[in-house]
Amino acid sequence: MTATQADREAAPGTSAPEVALEARAFSFSYGPRQTLFDISIRMQARSVTAIIGPSGCGKSTFLRSVNRMNDLIPGAGYQGEIRVAGMSVFDPSTDLVTLRRQVGMVFQRPNPFPKTIFDNVAYGPRLNALVPRREIPEVVEQCLRQAALWDEVKDRLDQPATGLSGGQQQRLCIARALGNRPEVLLMDEPCSALDPIATQKIEELIFELKQQYTIVIVTHNMQQAARVSNMTGFFDAGRLIEFDATTQIFTAPKHERTEAYITGRFG
Amino acid sequence: MTAGEPAITEEPGAAVLQGRAVGDTVFKAALTIAVLAVPALLGFLVWELWVGSRLAIERYGFDFITGTTWDPVAEEFGALPLIVGTLTSAAVALVIAVPLSLGVAIYLTEFSPKWLRQPVAFVIELLAAIPSVVYGLWGIFVLIPVLKDHVFPFLRDTLGFLPLFQGPIYGNSMLAAGIILAIMVMPYIMSVSREVLMAVPASQREAALGLGATRWEAAWTAVVPYARSGIVGAVILGLGRALGETMAVTMLIGNRHEIAASLFAPGYTMAAVIANEFTEAASDIHYAALSYVALSLFVVTVIVNGLARILIWRVSRGQAGGGQGV
Ligand SMILES: Nc1ncnc2c1ncn2[C@@H]1O[C@H](COP(=O)(O)OP(=O)(O)O)[C@@H](O)[C@H]1O
Ligand SMILES: [Mg+2]
């Protein structure tokens, strides 16, 4: 963590590209069924982008395209390009493991491994041999601190992660994703399974994390989108209808469809 | 019509309720009987074995378990070679069957093309339906010749520095019995582990893949550990089968009362000796000795299963919560 941070502070704009995530005319289909149409979007490094839109409009599909999670599905097809942290996501020469290390993902339901808290956070660093073995405890502590979980779990790192509350588990999953020192953090409705207090903690955390990471968060909660994000993209039926500064979207949307959605007239 | 309605709905309602209450009672009684019948049956079984082996227990006591001679004519009975034979053949079976079945299960759930999964699983499960005497015959006519002419000599040449693979090769042997047992328990271990692995939530795989694991790493570091206690359960199921299997073992093991270091040497198991000698037992003490063997088999099975339960319990505690497959 510190190394990356130091790099960035020493040479802002050189080691980390200003545009952290970019899609160009990206389309995606599950078999014969097209789900995303011609998506073009640019996300600045160290910003939070909220993605909103009615269920089934392709928000998850977009997120899962960025780290190529949809590769698991047979028959999936795409067109166009996505670039993350200087890599062309779908380029045959792009190494999936490297890509996924750069792109952390947090899922809708917390999915900690049934291992200890420590082993959960250490999973990425161990797997990818990012640091020498003896430095792993240090990395684990850093990640847990960044995920605002350290104080709650520091005395029980060897306890099962499954014993944590839902909110703690979700922050643990964030800490686990941070273990890989990613450029981009994708969050697919990270609070939809959490209570309001746990949700608030995650929102505060996102606010902290954007100092270092580029965050994309899918949410169904308009207030949440308004609170945490700099930019907001509105998806509808597989198309990016509007993408603008969050304040703009929520105060003066340009499309009536966007307005109808954020004022709760559909979706 | 309208006037009659309340009465109609009330009265049958009450009757139905009463009927349901009666049904409840009957159901509960039936279940209680069924539940009590199982331990009662088990108790009765043990009691019968105990009574049957009384003569031998009084005469030989604990020496029966440690003795190595089995001579019905001289009325000398020691069951140690049988106990060792049962445990060894089961151990050989597991050593062969566990990695193979686990490998197949992991391959089928994580790697194989979808269309291949069902047919392969079906064929493997079909193996469980073959009667054990058929395995025995197949063992005698197909397996043993191959083992004797090719596999055993090869093992002796390559691993001959181990006492396990030394000495003369007869064909019928502990190793042959272990191999046939392995084939017989594989379907059980494979199909149960496959089910346990399939039950691992997709979110666990995705978590691992999302952190940069390859498919193989995700299978090995996330999916299998999640299913660990279920897999141990599958192995125990296989172990139970291996300990009690009789017919095919009798046909292949060589039926010799002897503890040999080499797996090429013939041996005997508790189940096999009972099957072979019970119908021909000439004296009361011989019957009693065979009952005593049955009792010992029961005790060994209980102990092994008990140890296995403890293992499951420790494994599932070690993996910290999740994935209680069994
Ligand atoms: N694995 C899949 N196979 C086929 N279709 C899918 C799959 N996942 C999602 N879809 C379809 O793609 C569309 C977009 O889904 P998704 O991206 O999950 O929407 P959102 O996250 O916005 O609710 C939906 O119509 C959904 O049914
Ligand atoms: Mg979704």
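User: How far is an oxygen atom of ligand 1 from an N or O atom in the side chain of Thr61(A)?
Analyst: This is a predicted model: local features need pLDDT of at least 70, side-chain atom pairs count only at pLDDT 80 or more, and totals for chains, interfaces and linings use all residues. Residues are numbered from 1 along each chain as its sequence is written, chains are lettered from A and ligands numbered from 1 in the order written, and side-chain values use heavy atoms, leaving out hydrogens and water. The Thr61(A) side chain reaches an oxygen atom of ligand 1 with an N or O atom at 2.4 Å.

User: Which residue puts a backbone N or O atom 2.8 Å from an oxygen atom of ligand 1?
Analyst: Ser60(A) uses its side chain, with an N or O atom 2.6 Å from a ligand oxygen. The backbone atom at 2.8 Å belongs to Lys59(A).

User: How much of the accessible area of ligand 1 does the protein cover?
Analyst: Accessible areas follow the Shrake-Rupley method with a 1.4 Å probe. On its own, ligand 1 has 560 Å², and the protein covers 64%.

User: Which element gives the most to the shell around ligand 1?
Analyst: The residues around ligand 1 (a heavy atom within 4 Å) include Tyr30(A), Gly58(A) and Ile73(A). By class, the shell has three nonpolar, six polar and two charged residues. With three residues, the top contributor is helix 2 of chain A.

User: What area is buried between chain A and chain B?
Analyst: The contact (heavy atoms within 4.5 Å) takes 21 residues from chain A and 20 from chain B. Carbon and sulfur atoms give 61% of the buried area, and the total is about 1,800 Å².

User: Which side chains meet in a salt bridge?
Analyst: The count between chain A and chain B is one salt bridge (a Lys or Arg side-chain nitrogen within 4 Å of an Asp or Glu carboxyl oxygen). The N to O distance is 2.8 Å, and the partners are Arg64(A) and Glu206(B).

User: Which helices of chain A each supply at least two residues of the side that touches chain B?
Analyst: That side divides into 12 nonpolar, five polar and four charged residues. The helices are helix 3 (96–102), helix 4 (117–127) and helix 7 (166–178).

Technical notes:
Buried area is the accessible area (1.4 Å probe) that two parts lose on being put together, summed over both. Helices (H or I, at least four residues) and strands (E, at least two) are DSSP runs, numbered from the N terminus. Ala, Val, Leu, Ile, Met, Phe, Trp, Tyr, Cys and Pro count as nonpolar, Asp, Glu, Lys and Arg as charged, and the others, Gly among them, as polar. A polar contact is a pair of N or O atoms within 3.5 Å; within protein, one must be able to donate a hydrogen and the other to accept it, and residues adjacent in sequence count only if both atoms are side-chain atoms.
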